[in-house]
Amino acid sequence: MTVSFTLNVNGAATEVSTEPRRTLSDVIREDLGLTGTHLGCEHGVCGACTVLLDGAPVRSCLTLAVQADGHEITTVEGLANGDELHPVQQAMHEAHGFQCAFCSPGFMLSTVALLAENPNPSRHEIREELSGNLCRCTGYHTILDGVEVAIRALASDGASGGGDA
Amino acid sequence: MNERTQTSGLGFVGQSVTRVEDDRLLRGKGQYVADIEPEGVLHAAFLRSPFAHATIRSIDVTAARRSPRVTAVFTAAELNELTNPFPPFLMMPGLYTPLYMCLSDKKVRHVGDPVALVLADSRYHAEDALELIEVDYEQLAPVASIADALSVNAEQVWERADGNVLLDKSDAYGDVESVFASADRIVTERFSCQRQSNQPMETRGSVIEVDPETGHLTIHNATQSSHMLRWLTAALAKKESVRSSLKNFATNKDRRDSFIVAAKEFMAQNGESMQNQDNAGPKSQLRKDRSMLRHLPRTLFGLLGKDDYPTVMARDIGGGFGAKGPVAREDIALAAAAIDLGRSVKWIEDRVENLSDGGHAREEDLTVSLALDNDGTFRGLKVDLVLDQGAYPAFPIGASMATQIMRVMFPGAYKFDAFHLRARTVATNKGKYVAYRGPWANETWARERIIDVAAKALGYTPTDLRLKNMFSDQDMPAAMITGPALDETMSTKKTLEHAMQVVDIDEFRDEQETARAEGRYLGLGFACYHEAAPGPPDYFDSISPGAGTLGTEYARTTIERDGSIVVYTSQMPHGQSHETTYAQIVADELGVGIADVKLVYGNTDRTPFSVMGTGGSRGGPLGGGSVKYSSREVRQQVIDAAAELLEASADDIDIMDGNIHVSGVPARGVSFADVAATVISEGDQPFDATFGYTGKGDGGWSCATHACIVEVDLETGRVDIPRYVVVEDCGPIINPAIVNGQVRGGVAQGVGAVLYESSVYDTEANLQATTYMDYLIPTAMEIPYVEVHHLETLSPGENDFRGVGEGGMIGAPPAITNAIEDALGPFGARVTDQYLPPTKILEMAGIIDPD
């Protein structure tokens, strides 16, 4: 049995026809070819597969693709504006945020969602908000630094009228 | 922040330049193995044993084969008919390494042992078909612990072993008996470390692409060791008779000639180390199991007779920490299936599989006796070590190698008159033991714990007792009692002295006393170590005679016709930022920018050979050295050619920002492309140099002291870490931000090891931690800020870089456990387990009853 529906990912609509049991992460990766979304545990703990659904972070490994029908999905590929990195991506680069970077799409999308809701979180709030994402390489310090670099960049962008997160 | 285009004159080495890797990775454009999807690829799922220990009476795959979306089902017996067994490698005196096949056909030895392989059009359908396979098991008594394994009544995991003991080896240095008889005191304690797991965020995986025309295999794999995977797949994945292999070899002159050239090269590089090998290792093996005599010729002649070896391609890898070093049984099963079907296949391990058999580590019991005099002088050390390797030995470097690194490193930075180690490796019905970031780390944990225990017994402070017994600069050159030479790079004492300046111990003791009065329990713990990174030239051979063959790293630097600089490394990066650090080194050598250097790795058709790939903190010192010296040779080639072009003496040529010119006349300079064009047009070789590097010939120690302050909450048993300090000395630093990242990442895994992580099995050898709800990886909430202080002790000679990848994980468990014992001092607590979850903390404080 297959179901057909429209998946809106990073501003582009794609007609999808799939078995209803397939996860959003599998459909994004396999049917849409957007392999930036990573699968770390496939049981909703590690957060590597985090995408934004109407701006809110969800585990794409625990979400069925059909549940995304009628919603706007953002994946890591949707962050940069052409050659220009998203302020969160640029900040992670400057702060040496990641090492193997397998976890990075989930961290960056969680960060984008966090800063949209609270543009100036404290270090403790950042830690708490990002505690749903696991990283095995860094000990987290540089990722938290990266969020703080992004906060400053977005604040100065905001002051000059730019910024899109 | 645009350091990548900084001008070369400033020198990139030593700067925290931002990472070259980041642009593709942060955009989601990295290519990890799961992202590879060849046209028409079949998806694999393995049927795995639900029992820890059982014989297989029968297996029925008929229904699975009938499933419409399934292309093929291989039982273990079918696949084993096509393949050779995993052979023993680096045979050690006293060790028996069981031979094993890619799947298990007669007997299963742990929960998760693979017994059949299904290939279907999607992973969903492959997993559906697993449920259609019927296996009739007859259960055997499980061997679930070190105690079980040492029991004379236990069922045998491997029929030909002595019970379940695979290695029993004793080594003594100095006159152990008389030192222990004459010492004033002997302090003894038994320490126990739980089973842990490396747990990279990306699981293992392999995509095997078959060329429909030629049958050539291209293996995309998350491996730390691409060349070993290539060779082992060639050796094992398609069994050939000795006769047909020999016929192929004899009738193919190209093959014969290339083998002779390769063998000569290998012997020129490794002959000396090979001569150090004795026959004791193979003898130990043959005493237990002579089947090697039947399998090895077929395997080796099979390699000789093959015209075509697979290509291994590894691109971006989501971490490894040692777990992706071994060649997996699944890797060989998949290759054999792909060859048999002539179809591409793909397997991406799931997390349950990874937690079960993706790599376990550290499960060791250590009984340690420290002999010392009343004035605090260390006299001798005796250790009885038992390591639980699980069922199947990892290939190529099994658990027993870790016991021998422990033997060499156990005395640490301290002077002893005598040392004795009995090392045993036992087999149990558990997942396999692999190297995990500082695979020998429990020598540091047990040694640094017993020193704290002894300090308390004698009334010394832990730091005073350490300082009194450490080698200092005045003692150099010296040697560890176990052999390896020490020089000024073994600066552990300096790191401790520095840590004692950073952490004000007196102030802490005041604070501790005040806090205790308020019912808050603070503790301070220190841990000191040095590690071979790469170590002196005698280091590998002191671990196991002949192991020096693992020691060489190669790089090739080329300037292409268009002037672009391409560097090929035998290293296999998986998060360590080689593309950045190597570009820093090359850019400084060649006088160019970082963006001008392209690093090629992971593709065995293009990269130089290495047995090990990335592991053992060798990327900086050995890989970095090979990159430096191959680039330096190429620089000289370029300068010689430019001297002709510019009609000047080679001594007067300088390179700056890619401008090759006569010193002082940059306006009349030429580019790399200009010089390359003249050389090629004249029919000469392009600029090209390969360099094999084994270290600069002495020292090579990387050292650190960790100091940890904990606060233990006796309501909940929770341990907080308000301050964590690392003083490390890895010599001159290539990129401080990257070094800090390595140190902090290692400490984070050490925090997990002590407070959160346990691959715990029940008494029936069922793994109890098969999801991240049970195996707790610490989050940003649990990992403290880690202050990193650097000493940069230099030693004579060039290329003084020392590795730093493993140390964080070596220092953290002893520093944290020492701090916890200190915090629980008022309760007379003695920490003997590495794993200290809240219940254990409350038990040690006498708040809850262990029973």
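## Contacts and overall form of chain B

In this predicted model, 80% of the contacts in chain B between residues at least 6 apart in sequence join residues at least 24 apart. Chain B has 29 strands and 25 helices. Its radius of gyration is 28 Å, close to the 29 Å that the globule rule gives for 851 residues, so chain B is as compact as a globular protein of that length. Taken along the principal axes, the C-alpha atoms of chain B fill a box of roughly 80 × 80 × 50 Å.

## Burial, surface and charge

Of the 851 residues in chain B, 63% are buried. The accessible surface of this chain comes to about 30,100 Å², and carbon and sulfur atoms account for 49% of it.

## Aromatic pairs

Over all chains, the structure holds 23 aromatic pairs. One of them is formed by Phe86(B) and Phe395(B), whose rings are edge-to-face, with 6.0 Å centre to centre and 70 degrees between the planes. Phe86(B) lies in the loop between α3 (76-82) and β4 (107-108) of chain B, and Phe395(B) in the loop between β16 (378-388) and α14 (399-409), so the pair ties together parts that are 309 residues apart in sequence.

Phe86(B) and Phe395(B) are both buried. They also belong to a cluster linked by ring pairs, together with Phe89(B), Tyr100(B), Trp158(B) and Tyr392(B).

## A buried strand residue

Strand β11 (residues 217-221) of chain B contains Thr218(B). This residue counts as buried because its relative accessibility is 17%, below the 20% cut-off. Beyond its neighbours within four places in sequence, Thr218(B) is in contact with Val207(B), Ile208(B), Glu209(B), Thr311(B) and Met313(B).

## Backbone features

Two cis peptide bonds may be described in chain B. Met476(B) and Pro477(B) are joined by a cis bond with omega about 0 degrees, and Pro477(B) is found in the loop between α16 (462-469) and β18 (478-479). The bond from Ala533(B) to Pro534(B) is also cis, with omega near 10 degrees; Pro534(B) lies in the loop between β20 (521-532) and α19 (539-543).

Positive phi values occur in residues other than glycine. Phi of Asp54(A) is near 50 degrees, and this residue is found in the loop between β3 (50-53) and β4 (56-59) of chain A. Asp54(A) is partly exposed, at 48% relative accessibility. Gln199(B) has a phi of about 55 degrees and lies in the loop between β9 (196-197) and β10 (205-210) of chain B. Gln199(B) is buried, with a relative accessible area of 1%.

Note on methods. Residues numbered from 1 in each chain as written. Chains lettered and ligands numbered in written order. Predicted model: local features only at pLDDT ≥ 70, side-chain atom pairs only at ≥ 80, totals over all residues. Heavy atoms only, no water. Helix = DSSP H or I, 4+ residues; strand = E, 2+ residues; numbered from the N terminus. Rg over C-alpha atoms; globule rule 2.2 N^0.38 Å. Buried < 20%, exposed > 50% of the residue type's maximum accessible area, 1.4 Å probe, protein only. Contact = heavy atoms within 4.5 Å. Areas by Shrake-Rupley, 256 points an atom, 1.4 Å probe, with all protein chains shown as cover. Phe/Tyr/Trp six-rings, centres within 6.5 Å; stacked < 30°, edge-to-face > 60°.
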